[in-house]
Amino acid sequence: MTDAELAVHLAETAGRILLEVRSSGLFSPKALGKAGDQTANQFLCHALREVRPEDGLLSEEEKDNEDRLSQSRVWIVDPVDGTREYGEARADWAVHVGLAIDGKPAIGAVALPGLDGGAVIRTDQPRVVPPAPAQLRMVVSRTRPAAEAVAVAEKLGAELVPMGSAGAKAMAIILGQADIYLHSGGQYEWDSMAPAAVALAHGLHASRIDGSPLIYNQRDVYMPDLLICRKEHAEQVLKLITEVQAAASN
């Protein structure tokens, strides 16, 4: 398999495993999240070490091995992005499998097993992104929407669309359910790497909220902010972020 085919196969299979764990009916919502995370993580990490033994690996659920810092190719995975949503049997959770090459989000697959029939959105088979409507829609956290995102949405006259997983939010733009995903206030590399790779492959803008590029496989894996949107909206959104931040600091 190519790297892209492998990413899809792993994300799709992990998604099926997670649905099976959930359908067992053996776990409370909180315990289900932990059981799903650990089960999917074991599958993904063992599979990657088997079929790509020379590559580095970073997973949310695995102890970090800093050997990855000297490697050009590093797989970055999030076995369950949106653990709470998965445990509550919602649709807005995802499985992220991505490959960073020299720090760049190069290849990725984001599985959305909770959607009817499931879906895997991938870098090697980009879809046509639907055009934006007259009123833009901004996806935000359904439990803790970032103040900057809310303020920028207000300036844009954009509708807020609450959603769980970071992967689900990013893929909502590709699926035509939203137009802007602006996040600030804390994430890690596994939260955004595969979604960013998929977004870029679909011709979208993906950057930090100061406009700088997303760089992965860092020693410190904390990556606190992210902007994914259509390219035609990026300049305006980045400008509004600067205005909002300036106003907040005064």
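**Helices in a predicted model**

Trainee: How many of the 13 residues of helix 6 are buried?
Mentor: Here a residue is buried if its relative accessible area is under 20%. The residues of helix 6 that pass include Trp190, Met193, Pro195 and Val198, along with Glu189 and Asp191. Helix 6 is mostly covered, and the count of buried residues is 11 of 13.

Trainee: What span should helix 6 have at 1.5 Å a residue?
Mentor: Helix 6 runs over residues 189–201, which gives 13 residues. The expected span is 1.5 Å times one less than the number of residues. The end C-alpha atoms of helix 6 lie at a distance that agrees with the expectation, and both values are 18 Å.

Trainee: Is helix 5 roughly parallel or roughly antiparallel to helix 6?
Mentor: The axes of helix 5 (residues 166–174) and helix 6 come within 9 Å and cross at roughly 10 degrees. Angles under 35 degrees count as roughly parallel. Helix 5 is therefore, relative to helix 6, roughly parallel.

Trainee: Which residues in helix 6 do Ala166, Gly167, Ala170, Met171 and Ile174 in helix 5 meet?
Mentor: By class, the contact of helix 5 with helix 6 has 7 nonpolar, 1 polar and 1 charged residues. The helix 6 side of that contact consists of Asp191, Pro195, Val198 and Ala199.

Trainee: How many nonpolar residues has the contact of helix 4 with helix 7?
Mentor: Helix 4 brings Glu148, Ala151, Val152, Lys155 and Leu156, while the residues from helix 7 include Val237, Leu240, Ile241 and Val244. Next to 2 polar and 3 charged residues, the number of nonpolar ones is 7.

Trainee: Which helices are among what covers the buried residues of helix 2?
Mentor: The buried residues of helix 2 include Leu32, Ala40, Leu44 and Leu48. Their cover includes strand 1 (56–59), strand 2 (73–81) and strand 3 (94–101). The helices among the cover are helix 1 (3–23) and helix 3 (83–87).

Note on methods: Residues are numbered from 1 along each chain as its sequence is written. This is a predicted model: local features need pLDDT of at least 70, side-chain atom pairs count only at pLDDT 80 or more; totals for chains, interfaces and linings use all residues. Side-chain values use heavy atoms; hydrogens and water are left out. Contact means heavy atoms within 4.5 Å. Helices (H or I, at least four residues) and strands (E, at least two) are DSSP runs, numbered from the N terminus. Ala, Val, Leu, Ile, Met, Phe, Trp, Tyr, Cys and Pro count as nonpolar, Asp, Glu, Lys and Arg as charged, and the others, Gly among them, as polar. Buried means under 20% relative accessible area, exposed over 50%, partly exposed in between (1.4 Å probe, protein chains only). Axes are lines fitted to C-alpha atoms, for helices over the stretch in contact, and angles run from 0 to 180 degrees between N-to-C directions. Angles under 35 degrees count as roughly parallel, over 145 as roughly antiparallel, 65 to 115 as roughly perpendicular and the rest as oblique.
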